[in-house]
Structures are given as C-alpha cells and as structure tokens.
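Colleague: I am new to this structure and would appreciate a short walk through it. May I put a few questions to you?
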Amino acid sequence: MIISYHTQGQEIYWNFQNINPPNGYDIGQHFANSSGYLLTDVPYNSSFAGYKDWFIQNYNRPGYTIEAGIGENPLPISQFNEIYRDNLGILILGAIL
C-alpha cells in the first residue's frame, strides 16, 4: 500500500481509472471514517499525474492520495494542527492494515 499526500480538498482518492485494487475501497473507507474526509473517485482530469496512479496500475494494490487541508496553496501553517489531527488515524491505520 502507498499513501501520497497533496494539499487541497479534504478528500481521499482511492482508485485509478477502472482499476479497483482488492480491499482498496474498504481500506479507503476506514481512512475516510478516521479523518472525516470524503472517499471519492479520482476526477478524470486529475488521473495519470501521480505516484498512486502508477502504483495501482503496475501492482494492483491499494494506493491513496490524501488531499489534506482546504484553501489556497500554500496552505497557512495555522491549518497544521487540524490537518495533523485529521490524518493521524490514516497514518496509524496505514501502518497496520
């Protein structure tokens, strides 16, 4: 499993095109429940652009892009505590799942 971080949208992208790795959705739902972020399909115009997409395509294993925070980039440091709190569960679950 891989987890990539970006900063924009409080969403979790879990699949790549029509490739849905085994347990990918279920693990993503655990991440969403833990963080309060929305688990969603990758918008077509955002596909083909990241490590997660390559990983899923080549290994058919779960991969996620976590879009942390919300607002204009670069996000203000004042969001750090909230982003950390929202994502701590994802990091712990990612280590044990």
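Colleague: Which residues of α3 are buried?
Modeller: In this predicted model, the buried residues of α3 are Ile83, Asp86, Asn87 and Ile90.

Colleague: How many residues does α3 have, and how far does it reach?
Modeller: Helix α3 spans residues 80–96, which makes 17 residues. From its first C-alpha to its last it reaches 24 Å, close to the 24 Å expected at 1.5 Å a residue.

Colleague: Where does α3 bend?
Modeller: The bend is at Asn87 and amounts to about 35 degrees. Asn87 is also one of the buried residues of the helix.

Colleague: Turning to the sheet, what is the order of its strands?
Modeller: It is an open sheet of four strands, ordered β1-β4-β2-β3, and the pairing is mixed.

Colleague: Why is one side of β1 and of β3 left without a neighbour in the sheet?
Modeller: Both β1 and β3 (38–40) stand at the edges and each has a single partner strand, so one side of each has no neighbour there. From one strand to the next, the twist averages 25 degrees.

Colleague: How many bridges join β2 to β3?
Modeller: Three bridges join them, and the two strands run parallel. Tyr13 stands opposite Thr40 in β3.

Colleague: Finally, which strands does α2 lie across?
Modeller: Helix α2 (residues 51–59) lies across β1, β2 and β4, at about 160 degrees to β1. Helix α3 likewise lies across β1, β2 and β4, running at about 160 degrees to β1.

Notes:
Residues are numbered from 1 along each chain as its sequence is written. This is a predicted model: local features need pLDDT of at least 70, side-chain atom pairs count only at pLDDT 80 or more; totals for chains, interfaces and linings use all residues. Side-chain values use heavy atoms; hydrogens and water are left out. The expected span of a helix is 1.5 Å times one less than its number of residues. The bend at a residue is the angle between axes fitted to the seven residues ending there and the seven starting there. Buried means under 20% relative accessible area, exposed over 50%, partly exposed in between (1.4 Å probe, protein chains only). Two strands pair if DSSP finds at least two bridges between them. Axes are lines fitted to C-alpha atoms, for helices over the stretch in contact, and angles run from 0 to 180 degrees between N-to-C directions. Contact means heavy atoms within 4.5 Å.
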